[in-house]
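Q: I'm new to this one, could you walk me through it?
A: Gladly, let's have it on screen and take it topic by topic.

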Amino acid sequence: MIKILNYKYYTFNFNKYVKICVRYDHAISKGDVSLKNFEDIPGPKSYPIIGTLHQYLPLLGDYDAGALDKNALYNYRRYGKLVRENPGVRLLHVYDPVDIEAIFRHDDRYPIRRSHLAMLHYRMNKRSVYNTGGLLASNGEEWWRLRSTFQKNFTSPQSVKVHVESTDEIVRKLVISIKETYSPGEDFLKYLNRLNLEIIGVVAFKEIFDSFSTQELNPDSRSSKTIAAAFGSNYGIMKLDKGFMWKFITTPRYKKLAESQEYLEKVSKDILIKRINFYKEEGEIQDHCLLKSFLQEPNVDLKDIRGMMVDILMAAIDTTAYSTSFALYHLARNKNCQERLFKEILTLLPSKDSNITPEILAKANYTRSCIKESLRLNPVAIGVGRVLQNDIKLRGYLIPKDTVIVTQNMIASRLPQYVKDPLMFKPERWLRSSPQYENIHPFLSLPFGFGPRSCIARRLAEQNICITLIRLLREFQIDWIGGELGIQAYLINKPDKAVSLAFSSRENL
Ligand code: HEM
């Protein structure tokens, strides 16, 4: 019975029961001698000291250090659903959603991620600015103190809805900017970066960066430098995580990380001082920005808040801009989906001048399934990282505590055994009312991670993308004029070429 439940996922309402069974089936029981060793799991040959690091050497190795997705697909094809690797740590790649679920069901109260190691090192050596490594880099009780304090105003549906109006206003500025300055084929990612800086500035800090103004387009402006520093902070993280020389000397990549962090620290400090003074002078005012709520929290001090502001700037701009780029790419290339979406938008916003409201968003079912489908094909992260806190068994192998797990959701989401026509963009597969609806395993596509450590801003990010798509598609018909868009897998998956669109006004509608 347990086996049957474990290998077929039922979505009807006995999740709790399934959860208990999965837990039971993957936990290690005393005297379980039939288990195979971790080292028996298929994977590349491992040598003493260097482990499997040689695989990343140019010309000699099978992997490309800058192409996580290609390495992951190569591993799956060569070794199967579990792949062992040892690039300095004991690492397991997990592809099957049933196994992915088992791992998350074992996650502890304080799930551990082994990432942002160089950033943690940088922050721990800068105690004048930071108390901790921040939310992205910390683990254990320190992480939970920050998470439980800051998440209150990020996660509830109510706290997100209050930002719909201001976000829509900013997207309207993007529409004007497209009409005035965008030429067909230009890289639209630049515009989406500015849009998402502007949105997070207002939502999180009540700060207007004025990113679309002529003076801010200058590379030396505050908005241009903030966007560059956010990218500079994320860009090197993955390669830095694989190395260690930065512990001893300032390597070029570490220097770039440090300089980028310094700039975000400065921007955050200036805004923080400005807001504190403003609240002092104005007293109690109606203000929904996250920063105001942070300042009212008893469990954090100004260093924690400034650290959180830096994390927000790092985590918000590129992620949302890349996700929106891919959604526009898929819609531009799939005209029938774009037309169906436009029909939905037309019923939601009969007049172009109408405001987008939370009630309208609640009815935007097809828009949401387009976003889901785009994130299935092009998630920002190839998967989720965790460090196991207990021994577990998977597929007859003993997976020891402290193993670093990487769930390979992006690769699995593109495999025909889990999704029909997996490389096709078919939003209908997520729509229960559609004949093309598919009962997809809930742990197959996890673009925002899972559990207490999942993306703190999931609701906000989905809302922002939804508003952007509704407003842009209400105004324009969108065409794709570039080649096939792939990814460059840094820490987050960046489009590998210009996001080349053409916008035609829907003048008469
Ligand atoms: C489409 C946009 C976004 C995507 C796809 C995304 C995805 C993710 C993923 C996959 C994680 C790791 C989850 C895990 O380990 O289970 C994460 C964590 C995080 N995200 Fe996002 N994110 C997005 C937007 C944002 C935005 C807008 C913000 C900030 C305003 C943000 C802030 C964070 C933070 C602070 C964490 C660390 C949470 C923790 O460790 O407790 N993200 N995000």
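Q: How many residues does helix H16 have, and how far does it reach?
A: Helix H16, residues 302–333 of this predicted model, has 32 residues and reaches 47 Å from its first C-alpha to its last, close to the 46 Å expected at 1.5 Å a residue. Helices here are DSSP runs of H or I with at least four residues, numbered from the N terminus, and the expected span is 1.5 Å times one less than the number of residues.

Q: Is H16 mostly covered or uncovered?
A: H16 is mostly covered, with 29 of its 32 residues buried; a residue is buried if 20 or more other C-beta atoms, placed from the backbone, lie within 10 Å of its own, exposed if 12 or fewer, and partly exposed in between.

Q: Where is Cys455, and what does the UniProt record say?
A: Cys455 is in the loop between helix H20 (409–412) and helix H21 (458–475), and an unreviewed UniProt entry annotates it as "binding site", though such annotations may be inferred rather than shown by experiment.

Q: Why does Cys455 count as buried?
A: Because Cys455 has 20 C-beta neighbours inside 10 Å. Leaving aside neighbours within four places in sequence, Cys455 is in contact (C-beta atoms within 7 Å, placed from the backbone) with Phe448, Gly449 and Ala461.

Q: What about H21, is it enclosed or open?
A: H21 is largely enclosed by the rest of the structure, because 16 of its 18 residues are buried.

Q: Changing topic, how confident is the predictor?
A: The mean pLDDT, the predictor's confidence in each residue from 0 to 100, is 90 for the protein chain, and 89% of its residues reach 70 or more. Over residues 1–24, however, pLDDT stays under 50, and where pLDDT is low, the predicted coordinates should not be read in detail.

How values were computed: Residues are numbered from 1 along each chain as its sequence is written. This is a predicted model: local features need pLDDT of at least 70, side-chain atom pairs count only at pLDDT 80 or more; totals for chains, interfaces and linings use all residues. Two residues are in contact if their C-beta atoms, placed from the backbone, lie within 7 Å. Helices (H or I, at least four residues) and strands (E, at least two) are DSSP runs, numbered from the N terminus.
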